[in-house]
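Q: I have a structure open and would like to learn how to read its features. Could you walk me through a few of them?

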Amino acid sequence: MNAFTIILLVLLTAVFIRARLLSFRAQSPSDYSGTGPNFSLKKHLNGEILSEGLIYGPNGKMSNSFVARMFGEWQGNSGTLTEYFTYSNGKQMTRKWYLTLGTGNTFTAMADDIVGEGRGIISGSTVKLTYRIILPDDAGGHTLDVTDWMYLTETGVIMNRSEMRKFGVKVAELIATMRPSPRSKPIHPSGSNGYDATSEGKPLQ
């Protein structure tokens, strides 16, 4: 074995160790077991959710952005999360997730463009979900391996980061925020033109 081969093996080993120990994939749900606030799918993926996100290509440059409205509904341990995306290139897309809580802190996730079942783990303030997604034909139709992390903040906003890989090579990354939709507010501010919000619901006299 010559010196060049040895150097090459050392470099490849270093790259492998870095990818496994010093990167996004190095995270484990156990790393966040003691963190808070506690993430609850039935609570934090429920009702109307607004989202904005950025998508980065393999060269690290932003390739697209989106806004989305999501609607979560639950009956017992089964729920749905319907997502309506509008991308900066004008494309629109809808996805409906079917979520099922399992034993302990596990759950499964299914959708029309997902291969089989996605596997999820809830740990402290985080959720890790892994699945295989089939891209639309106009995006190449490739099947990608996705690792999706969601981090719940103290304000109730969810920070979402995802990596998409093909044959182990990262081809895209997504960063997004997810926040509960603001509650409806009165048309007239309290106190203006004699309007008093505290009078709503009081019987007329």
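Q: Which residues do ring pairs link into a cluster?
A: Rings of Phe, Tyr and Trp (its six-membered ring) pair if their centres lie within 6.5 Å; planes under 30 degrees apart count as stacked, over 60 as edge-to-face and the rest as tilted. Here, ring pairs join Tyr 32, Trp 149 and Tyr 151 into a cluster. Keep in mind that this is a predicted model: local features need pLDDT of at least 70, side-chain atom pairs count only at pLDDT 80 or more, and totals for chains, interfaces and linings use all residues. Residues are numbered from 1 along each chain as its sequence is written, and side-chain values use heavy atoms, with hydrogens and water left out.

Q: How many aromatic pairs does a search of the whole structure find?
A: The search finds 8. A pair of aromatic rings is described by the distance of the centres and the angle of the planes. Take Trp 97 and Tyr 131, an edge-to-face pair at 5.3 Å centre to centre with 75° between the planes. This pair links distant parts of the chain, with Trp 97 in strand S4 (residues 92-101) and Tyr 131 in strand S7 (residues 126-134), 34 residues apart. Strands (E, at least two residues) and helices (H or I, at least four) are DSSP runs, numbered from the N terminus.

Q: Is Trp 97 buried or exposed?
A: Buried means under 20% relative accessible area, exposed over 50%, and partly exposed in between (1.4 Å probe, protein chains only). Trp 97 is buried because its relative accessible area is 6%, and Tyr 131 is buried at 11%. Leaving aside neighbours within four places in sequence, Trp 97 is in contact (heavy atoms within 4.5 Å) with residues including Thr 80, Leu 81, Ile 114 and Leu 129.

Q: Which residues touch the most other members of the largest nonpolar core?
A: A nonpolar core is a set of buried Ala, Val, Leu, Ile, Met, Phe, Trp, Tyr and Cys residues joined through side-chain atoms within 4.5 Å. Of the 34 residues in the largest one, Phe 39, Leu 41, Leu 45, Phe 66 and Trp 97 touch the most other members.

Q: Where is the place of Leu 45?
A: Leu 45 lies in the loop between helix H2 (41-44) and S1. With a relative accessible area of 5%, Leu 45 is buried. Beyond its neighbours within four places in sequence, the contacts of Leu 45 include Phe 39, Trp 74, Leu 99 and Met 178.

Q: In what order do the strands close into a barrel?
A: Two strands pair if DSSP finds at least two bridges between them. In this model, 10 strands close into a barrel in the order S1-S2-S3-S4-S5-S6-S7-S8-S9-S10, with antiparallel pairing.

Q: How many bridges join strand S1 to strand S2?
A: There are 10 between S1 (residues 47-56) and S2 (residues 62-75), and Met 70 in S2 is the bridge partner of Ile 49. These two strands form a hairpin with 5 residues between them, and Gly 60 in the turn has a positive phi of about 85°.

Q: How many residues of strand S8 are buried?
A: Strand S8 (residues 143-152) is mostly covered, with 7 of its 10 residues buried. Antiparallel bridges join S8 to S7, 9 of them, and 8 join S8 to strand S9 (residues 158-166). Met 150 in S8 stands opposite Val 127 and has Asn 160 in S9 as a bridge partner.
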